[in-house]
Amino acid sequence: MSQQKKSLISFLKSISIGKLLPILFIIITLANSYFIVVEGHVGVVKRFGEAKSQQNPGLHFKIPFIETVESIEVRTRKNSEKMASSTKEQMPVTIEVSVNWTVNKEAALDLFKRYGGLTQFEQRILDPRFRSATKDTIPQFEAEQLIQDRASAIQGIERRLAEEMEGFPVMVDNIQIENISLPQKYINSIEIKQTEKNLAAAEEHKLERQRLEALRAVNTADAEAKGILKIAEAEAQSILLRGKAEAQAIEAKAKALKSNPLIVKLTEAQAWDGKLPSTMMGNGAMPIMDLRNTNQ
């Protein structure tokens, strides 16, 4: 045994019990004269069991052996409930719902005085009203609505619970429907119905696409017909103009021939290739064209 341990044992033996008790009492008294409240909580100070005040997070002092401290959480808490209910069409359903709730920090002392703490408040006040609000709301919806539109059911529960919790020193929010359990036969029927809806939608899309393709083909054919008609009209107009021009030329030529007979002879001369005919008919006389000016 070391010399230090021997010295400590000798010191303790030298102290009498009468001297040791006051020291222990002082130590215990000092240990019970303060308390610490952690963040997210408030401390309710009780004197002989009666709630007197509440303290915020931090270091505080109290009367030893007379005052005690109860910690109340003021952070958001979550309660979950699983319950049986029925839908609008009287179909049995098991539903799991949850709610977040928070104690008003300034009213923690009042809540403790009236209900004795958070656990008692949950069991006596919050949970029964939460179940009541849920069971009052779910039967207003058909099973298919609950599956496809949970938001509406959640809003209904929130409104009902807000009415039930009015006047209590807590705030409730963020209600969620965690799970909905329906009979398997109904779930199968919903799947079949949804499959039929999907097939119908696909067929409708196919018909619409065919209609658009047919409309596009009609528009294309109409455009081509209009183009062909325009071309035909242009050609007809061109032929008409060309015929009109030829008719005008013939008419002008006829007028010229009528006014000047020599034009006929000029035309014959222009068409002559300069060769005399190799054969002659009749009395053998060859016609001689007189191109002299008759006015001379």
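Which residue in strand 7 does S86 stand opposite? In this predicted model, S86 faces P92 of strand 7.

Three strands make up an open sheet, arranged in the order 6-7-8 with antiparallel pairing. Strand 6 and strand 8 stand at the edges, and each has a single partner strand, so one side of each is left without a neighbour in the sheet. On average, neighbouring strands of this sheet are turned by 25° against each other, direction ignored. Strands of a sheet pair through backbone hydrogen bonds, in either a parallel or an antiparallel manner. For strand 6 and strand 7, the antiparallel pairing extends over 10 bridges.

Helix 6 packs on the sheet, where it touches strand 7 and strand 8. The direction of helix 6 makes about 145° with that of strand 8.

The residue ranges of these elements are as follows.

| Element | Residues |
|---|---|
| Strand 6 | residues 77-86 |
| Strand 7 | residues 92-103 |
| Strand 8 | residues 170-181 |
| Helix 6 | residues 150-164 |

**Residue S80**

S80 lies in strand 6. Is S80 buried or exposed? Its relative accessibility is 52%, and S80 therefore counts as exposed, the cut-off for that class being over 50%. Leaving aside residues up to four places away in sequence, S80 touches V97 and S98. S80 and N100 are 20 residues apart in sequence, while their C-alpha atoms are 8.9 Å apart in space.

Note on methods:
Residues numbered from 1 in each chain as written. Predicted model: local features only at pLDDT ≥ 70, side-chain atom pairs only at ≥ 80, totals over all residues. Heavy atoms only, no water. Pairing = 2+ DSSP bridges. Helix = DSSP H or I, 4+ residues; strand = E, 2+ residues; numbered from the N terminus. Axes fitted to C-alpha atoms, helices over the stretch in contact; angles between N-to-C directions. Contact = heavy atoms within 4.5 Å. Buried < 20%, exposed > 50% of the residue type's maximum accessible area, 1.4 Å probe, protein only.
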